[in-house]
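Please keep the model open beside the text while you read.

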Amino acid sequence: MLLPDNIHPLSSLYYIGSHIIQALRGIHRPDMLELFAETRLYYHVSMPIFVLSLDWLFLADLVKLDDDGKIVPCF
């Protein structure tokens, strides 16, 4: 799913992750549901694919959780 060769590139976790990062720029310290709603303003994505993309961003150290459980960018 990261770099798929059998699905459309717009369905890749990289691409959807870019929309999540874009949404993070428009909202300060969101929780997961707030970030999901903000991301859907930029790109129509289902919750399971959103969670997979968000997991990838956590693994890539591009986002983290603060002490209050809010999502913050690491860049």
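**Two crossing helices**

1. Helices α1 and α3 are roughly perpendicular to each other, a description used for angles of 65 to 115 degrees, whereas angles under 35 count as roughly parallel, those over 145 as roughly antiparallel and the rest as oblique. Their axes come within 9 Å and cross at roughly 85°, where an axis is a line fitted to C-alpha atoms, for helices over the stretch in contact, and the angle, from 0 to 180 degrees, is taken between N-to-C directions. Helices here are DSSP runs of H or I with at least four residues, and strands are runs of E with at least two, both numbered from the N terminus.

2. Before going further, please note that this is a predicted model, in which local features need pLDDT of at least 70 and side-chain atom pairs count only at pLDDT 80 or more, while totals for chains, interfaces and linings use all residues. Residues are numbered from 1 along each chain as its sequence is written, and side-chain values use heavy atoms, with hydrogens and water left out.

3. Which residues bring α1 and α3 together? On the α1 side they are L13, Y14, I16, G17, I20 and I21, and in α3 they meet I49, F50, L52, S53, L54, W56 and L57, contact being defined as heavy atoms within 4.5 Å. The residues of this contact divide into 11 nonpolar, 2 polar and no charged; nonpolar covers Ala, Val, Leu, Ile, Met, Phe, Trp, Tyr, Cys and Pro, charged covers Asp, Glu, Lys and Arg, and the others, Gly among them, count as polar.

4. Helix α1 itself has 14 residues and reaches 20 Å from its first C-alpha to its last, close to the 20 Å expected, the expected span being 1.5 Å times one less than the number of residues. Its buried residues are L13, I16, G17, H19, I20, I21, A23 and L24, where buried means under 20% relative accessible area, exposed over 50% and partly exposed in between, with a 1.4 Å probe and protein chains only. These buried residues pack against α2, α3, β1 and β2.

5. T39 lies in helix α2 and, at 0% relative accessibility, counts as buried. Leaving aside neighbours within four places in sequence, T39 is in contact with H19, I20, A23, V45 and F50.

6. How many salt bridges does a search of the whole structure find? There are 2, each being a side-chain nitrogen of Lys or Arg within 4 Å of a carboxyl oxygen of Asp or Glu. In one, D66 pairs with R29, the closest N and O atoms being 2.7 Å apart, and this pair links distant parts of the chain, 37 residues apart, with D66 in the loop between β1 and β2 and R29 in the loop between α1 and α2. R29 also forms a salt bridge with D68, at 2.9 Å between the closest N and O atoms, and these two residues are 39 residues apart. R29, D66 and D68 are thus linked in a network of salt bridges, within which D66 is partly exposed at 21%, R29 is partly exposed at 31% and D68 is exposed at 59%.

7. Two backbone angles deserve a look. R29 has a positive phi of about 50° although it is not a glycine, and D61 has a positive phi of about 60°, again without being a glycine. D61 lies in the loop between α3 and β1 and is exposed, with a relative accessible area of 57%.
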